[in-house]
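Subject: Structure handover

Hello,

Please find the structure below. My notes on it come after.

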Amino acid sequence: MSTGLERGQQPPVDVTEDELAALIGDRALARDDHLNAPGFVIRPDDVQDVLTDLRDEAGFDHLANLTAQEYADRYESIYHLRKYADPTQEVSVVVPTTTDEPVSQTAEPVFRTADWHEREAFDLVGIDYEGHPDPRRILLPETWQGHPLSRGYDQEKPQLVTLTEHANPVQPDHHDDESDTMFLNIGPHHPATHGVLHIETVLDGETVVDVDPDIGYLHRCEEQMCQQGTYRHQIMPYPDRWDYVSAGLLNEWAYARTAEDLADIEVPEYAQVIRTMGAELCRIAAHMLALATFALDVYGDFTAIFQYGMRDREVVQDILEDLTGQRLMFNYFRLGGVAWDLPEPREEFFEKTRDFLDGLPAKVDEYNDLLTGNEIFQIRCHDTGILEPEVAKQYGCTGPVARGSGIDYDLRRDDPYGYYDNLEWDVVTEDGCDNYSRVLVRMQEVEESAKIIEQCVDLLEDWPEDERTVQSNVPRTLKPDADTEIYRSVEAAKGELGIYMRSDGTDKPGRFKIRSPCFHNLSALPEMSEGEYVPDLIASLGSLDIVLGEVDR
Amino acid sequence: MSSEQPRTQIYDSTAPSTDTRDSRIGEGADDRFNSKLREAFGSTPFILTKFDKFMNWVRGNSMFMLQFGIACCSIEMMHTYAIKHDLDRFGAGVPRASPRQADVMIVPGTIVSKFGPRMKRVYDQMPEPKFVVGMGSCTISGGPFQEGYNVVKGAEEIIPIDIHVPGCPPRPEALVYGIAKLQERIRNGESTPVVVKPYELEEFGDLPQDELVQKLADDIDEEDLVMRYNWADSP
C-alpha cells in the first residue's frame, strides 16, 4: 500500500509555527490555537488538500485523533496531527461545518485511520463525510435513531436493535462453479475475541478473503460519562474501566496529565515517582495477560502458560492492592498527585516489590523456554500477521504493535512526562513486523518496566521524610477558562492513549474525547490477515492485544 | 447369613464392613479412603433418597460454566478460574466455550443495547436447567454507566438472574461466594422464577405500529427478530 511518501526524501522533523502558517497559507480561514498545538481553521472542502501538504511537506505522518463536536452554531471536526519521529510536534486542523448541512470532506485517502474515526464521528455526533468509502455506523447498532453526542439528543427515545443474520459481503464476487466462499461469524461470543468483538470473516477454503471487525458490543458511553463528571473527582474512576486489564493507573495518568495541563496544576516530584512506579507495575500486569491469552489463542493452552501468566499477575495485583487499595479499578491518582502515600510499614512494601522484581528474570526465562523458544509457537507466529511499518503508520498504530514493526515510538521517551526522563531504560523495538515480534516486544518491555520500578523503589526508599508530598494544593472546584482546548497523551499498555478536552467554563468538560490505541490497532486487522489462513487471523488478533472496553469506550 | 434370603433388618453391628478393604490394603489403613459418607451408610452400598433430591445434589456439584467474557469483570472471573482462587475446587469451574454445553452463565460486565439481543440468544441456547450469576454492579443496575444512552440498566432486564454479586468489580472471593450460594440453592432445588421482562426478542412485524417502527419498516424484514428498548420505562 502506498502512503504517498516518497522514499529517500525525508520531510523535515522540526517545523516552526511560521513555516506551518506559510504552508497552509490562504487556506487557513482563522487560527484556533490549542494548548498543545497551533490550530488552523480550514474550509470543509480543503481537508484532503491541507492534510496531504502537512503530511508530505511538513512530515506530520500520524493522525493521532479526530474529534467531532457540536457547538450551538456549528459542527467541528478537529484533526490532531503529530509525527512519529517527534510527537511533540503537533498541529490541529479544525474543520467547521454548518448546523443545517454538516458535510465535510473525508480524510480517508490521506490517512487510512480516518476511515474508522469518521465513522465514529458520524455515529456519535452526526457529521457526514463526503467521499467516505464506507459511511456506516460503527459503535451503535445500524438501526439507531439520532446521534447521542449531538445537542438536543433525547435519551428517552425508544430504540430498536435487530438480530438478523449477517450477509456474506463478497459472495457475489466469488460465487461460481469453481469456488465458493463461506461466511463465518467470529464472535461476539467467542473465546478468541478477548471479549465481545464480532469479526465478519469470509473464507475461501481456509484462506481469509475478507475481514470486517464489527465493534460496539461494549460501547458504554465513556465519553458521555466523563462529560457529566466534574474534573476534580468524578472523572477519575472511569479511565480505569477503559483498558481494564489492570492497566488502570496508565489510563488514569492519561486523564491526570490532560487535566493537569488544562488547569495548570503542578505535581510534586515525589508523587511523580510513585505514579511512575505504579504505572509500570500495571504495564507488567497488562503484558502478562496479553502473553497468557495469546498462548491460549495459539495453543489453546489453558493449563500451563495461561495459568503461569495469571500466577504472576496475582503477585503484581497484590502489590498494587497494597499501594492503592484495589485489585483492578485503582482510582488512585488525583489531579495534582496521588491519593495517599505508600502503605506503612514502607519497608515491607519495598521488600515485597523487590521480591517480585528479583523473581522476575527467572519467570521471564521460563516464559522464553515455554513460549518464544518453542518450535510450534515459532511456526505459528513467525512471518504471520505481517504489518509493514508504513501501513502501521497509516492506521495510526502505536505501542507494542508499532514497535513490533520497527517504529521507534514511545511517548514515555519522546514526549516525556512523569519521572521517566530521569531514569535509565530503553525503548524496545523489533523489526520482524510479525506476530512473533509483537510478543517479543511485550516480553522485553516487561523487563524494561522492572528496571524502571527498581529505580523508583530505590528513589522512594531514600526520599527525605519531610519532602514526601503526595498532592499539591488543588482548588476544590476546578473551572478552567472557557474554550480552552487540549490534546494530551501517554504511553498506555496498548499504545498512545490520548484525551482531547474542551472546557466550557463550568466544572465539567464541554467535550471529552478519548483516543484509544486499541481502536487504531484493531483497524489494521484486515491488512494483517486478508490472504492468510484463519488460524493466522486468530493469532494476529491475539498479538494485537485489544481490549474491547477501550476499543468501544 | 445366606444372601439368597432377602434381608429385612440389620442385626449385626452397623459399623462399616472393612473386611474387603483390609484384605486389599492391609489392616489399620488410613481412614481417608473411606469417606464420612461411606461410613454413615454402613456396609450397605445403597442409598435411599428422592431422585429429585439426588439430581439437585449432583447438579450443584458439577456445574459447567459458560466461558463468557464481556467487560472488566471478566478479568476477575479469569482470576477466579485460575491459580490461587481456583473455582474448580468447588465443583464449578470448567469453562465451556459453547452455550450448548454449559449450565451456568456468569454475566461479567456491562450489557449495552447492541449486545442485549446477542446475550439473549446465547442464554436461549443453553440447555435447561440453566442458572445465571450476575457479576458486578453493571449487571445489577448498569453500575457506573447507568446514565449512559446505550447501557441496559441491569442484565435482569433481559434474562432472569439467580445470584447477584455486587462490586465493581467483585473480588474473586466474592464471586466464589456467589457461586457457592448458587450451589446451595441448586442443592435445595430452588431456582428463580422467570418473570415477564421488559426487553424481549420479538418479530418486527408483531411490534405495535408507532413512529419508530414505521420509520424502520423499509429497512427491516417483518420476520426479523428485534429487541425494542423503551428507555423511559427502564428503572
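What follows is a summary of the interface between the chains, then of some features within them.

This is a predicted model, in which local features need pLDDT of at least 70, side-chain atom pairs count only at pLDDT 80 or more, and totals for chains, interfaces and linings use all residues. Residues are numbered from 1 along each chain as its sequence is written, chains are lettered from A and ligands numbered from 1 in the order in which they are written, and side-chain values use heavy atoms, with hydrogens and water left out.

Interface of chains A and B

Counting heavy atoms within 4.5 Å as contact, the interface involves 59 residues of chain A and 56 residues of chain B. The two chains bury about 5100 Å² between them, and 64% of this lies on carbon and sulfur atoms. Buried area here is the accessible area (1.4 Å probe) that two parts lose on being put together, summed over both. On the chain B side, 18% of the area buried against chain A comes from Lys114(B), Arg118(B) and Tyr149(B), more than from any other three residues.

There are 20 residue pairs in polar contact between the chains, both residues being at pLDDT 80 or more. A polar contact is a pair of N or O atoms within 3.5 Å; within protein, one must be able to donate a hydrogen and the other to accept it, and residues adjacent in sequence count only if both atoms are side-chain atoms.

On chain B, helix H4 (72-81), helix H5 (116-125), helix H8 (211-216) and strand E7 (225-229) each supply at least two residues of the side that touches chain A. H4(B) has the largest share of that side, with six residues. Helices (H or I, at least four residues) and strands (E, at least two) are DSSP runs, numbered from the N terminus.

The rule for salt bridges (a side-chain nitrogen of Lys or Arg within 4 Å of a carboxyl oxygen of Asp or Glu) finds five across the interface. In one of them, Arg327(A) pairs with Glu76(B), with the closest N and O atoms 2.8 Å apart.

The chains also share strand pairing: strand E8 (residues 159-163) of chain A and E7(B) run antiparallel over five bridges. Two strands pair if DSSP finds at least two bridges between them. Arg228(B) in E7(B) is the bridge partner of Leu160(A).

Aromatic pairs

Over all chains the count is 23 aromatic pairs. One of them is Phe377(A) with Tyr436(A): the ring centres are 6.2 Å apart and the planes stand at 55°, so the pair is tilted. Phe377(A) is in helix H10 (residues 375-381) and Tyr436(A) in helix H14 (residues 435-461) of chain A, 59 residues apart. The rule takes rings of Phe, Tyr and Trp (its six-membered ring) with centres within 6.5 Å; planes under 30 degrees apart count as stacked, over 60 as edge-to-face and the rest as tilted.

Backbone

A cis peptide bond joins Glu128(B) to Pro129(B), with omega about -10°; Pro129(B) sits in the loop between H5 and strand E4 (131-135) of chain B. Cys168(B) and Pro169(B) are also joined by a cis peptide bond, with omega about -10°.

Regards
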